[in-house]
Amino acid sequence: MTLPTESVSLETLQRFDRPGPRYTSYPTAVEFHDGVGEGEYRAMLAEVDRLADTPLSLYVHIPFCEHRCHFCACHVIATPHAEVAARYLDYLKREISEVASQLPNRREVVQLHWGGGTPTYLTPAQIEGLTAHIRSHFTLLEGAELAIEVDPRVTTCEHLDTLGSLGFNRLSLGVQDFSVSVQEAIGRGQTFEETAELVRHAREIGFHDGINFDLVYGLPRQRTETFDDALDRVLELAPDRLAVYSFAFVPWVKSNQRRLETEEFPEPASKLELYLTALGRLLGAGYVAIGMDHFAVPDDELAVAARQGRLERNFMGYTVKPVSTMIGFGVSAIGDLVDGYFQNCKKLSTYYEALDAGRLPVERGCLLDDDDRLRRHVIMQLMCNFRVEKKAVDDLFGIDFNRYFRSSIPRLAELEDEGFVMNGDAAVEVVGDGRLFVRNAAMAFDRYLEAKAETKSAFSRTV
Ligand code: SF4
């Protein structure tokens with residue numbers, strides 16, 4: 001997909017920039033509640049085991065970081081006391097063993113992702129031990145994606161050598177921005193040189209097409225000129241994929257963000273200019289846009305899958321792996337199991353208590369009803385393939401699309417007027433530059449947004 005970005009005006013971006021979910025799930029995490037817990041989770045694991053269709057996706061959460069960056073919105077435990085990790089790993093392994101025991105017929109894995117926090121807070125030996133434990137319970141299939149988030153400030157060449165030898169094939173590096181002034185403002189000093197050195201070593205030992213960068217726009221002191229310079233340096237390192245996220249300022253949820261100087265934030269129009277700068281530079285450099293915030297080199301499997309309409313979406317974002325079940329391990333981790341989402345305890349002490357008592361540490365979630373399943377399908381089709389075929393939906397769910405969505409379709413009118421969405425007899429399709437606003441199109445089909453407009457501020461902005 002090529003976007004003629006010069007035709008997306010700032011005014012248009014401003015008009016469609018509104019709070020909205022990223023739809024890594026539907027219903028979104030805002031709808032999770034404590035009426036769903038361990039009992040429902042065990043029942044769903046039994047169902048997953050019985051279905052035994054596609055291989056599994058596993059997510060492992062390592063919550064620790066040495067320091068907390070001021071801008072961070074992740075679930076993080078900041079501590080320089082590295083010994084905390086040993087205890088955590090002990091409990092994490094117990095959780096993995098217990099969940100695996102519920103899945104005697106379902107052990108094949110096609111995707112493993114370690115996120116955080118900082119997974120490389122662990123020592124190479126701890127990483128080896130945890131990987132061995134996972135492999136003792138699950139079979140990582142040939143060609144599986146083994147991905148890990150790495151912080152260039154704490155990740156050593158020895159870490160990379162260990163990860164390479166264990167079969168990891170994708171590294172996600174948090175970069176945000178290379179400007180020293182911005183890094184000072186967000187409390188994260190990360191030099192270009194240390195990032196470049198890590199990328200160089202990773203490529204040398206075999207991570208040839210598995211380097212992802214995360215950039216963030218909308219941070220304090222970010223200005224178009226300096227961001228443009230940072231993008232020069234990003235392009236010099238030539239990552240295979242990039243995610244370019246809008247900074248979500250939620251100091252009422254994340255108290256560490258109160259350390260940011262609000263008067264240093266770019267104005268809303270400047271923030272959107274930052275986004276347009278990134279978009280123009282990345283497309284100009286030959287990257288392919290996937291959704292509104294992901295980019296990949298044209299022969300990357302994500303870009304190929306996007307062209308072929310095979311993209312999938314889960315809590316890790318876009319993926320090419322056909323996975324119906326993702327199991328989350330670790331404090332605050334979320335699992336996506338067929339007909340329900342399940343989230344583990346966010347507090348470490350509660351996570352430990354549950355496992356000590358022989359319980360699986362799920363504390364909230366959401367079970368899908370028929371309407372959720374239908375809308376999830378429609379929303380994910382739009383988010384991944386920008387098109388939803390009405391007849392296919394009718395056949396799959398036994399409905400009449402136009403009748404069922406008679407209150408949703410009028411909400412596409414603004415996008416249709418702009419030429420961003422076509423609502424034809426056969427399909428609803430997001431076209432051309434409208435792909436930048438795919439979240440807005442998906443929101444038209446979200447029953448929960450319709451029901452409680454007042455909760456919209458729980459989400460980041462769509463642009
Ligand atoms: S941004 Fe990354 S390194 Fe910084 S606190 Fe958050 S998870 Fe840790």
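**Stop one: the core**

Select Leu382: leaving aside neighbours within four places in sequence, Leu382 is in contact with Val388, Val430, Val438, Ala441 and Ala442 (contact: C-beta atoms, placed from the backbone, within 7 Å). This is a predicted model, in which local features need pLDDT of at least 70 and side-chain atom pairs count only at pLDDT 80 or more, while totals for chains, interfaces and linings use all residues. Residues are numbered from 1 along each chain as its sequence is written.

Leu382 and Ala441 have the most contacts inside the largest nonpolar core, which has 124 residues. Such a core is a set of buried Ala, Val, Leu, Ile, Met, Phe, Trp, Tyr and Cys residues joined through C-beta atoms within 7 Å; buried means 20 or more other C-beta atoms within 10 Å of a residue's own. Colour by domain next: the core draws at least three residues from each of domain 1 (1-27 + 368-451) and domain 2 (32-326), with bounds from an automatic or database domain assignment.

**Stop two: strand E14**

Select 334-337, strand E14, which four bridges join to the antiparallel strand E15 (residues 340-344). Strands are DSSP runs (E, at least two residues), numbered from the N terminus, and two strands pair if DSSP finds at least two bridges between them. Ile334 stands opposite Gln343 in E15. Two residues separate E14 and E15 in a hairpin, where Val338 in the turn has a positive phi of about 55°.

On the E13 side (residues 325-329), the pairing with E14 is antiparallel over two bridges, and Thr325 has Leu337 as its bridge partner.

Terms used: Buried ≥ 20, exposed ≤ 12 C-beta atoms within 10 Å, placed from the backbone. Contact = placed C-beta atoms within 7 Å.
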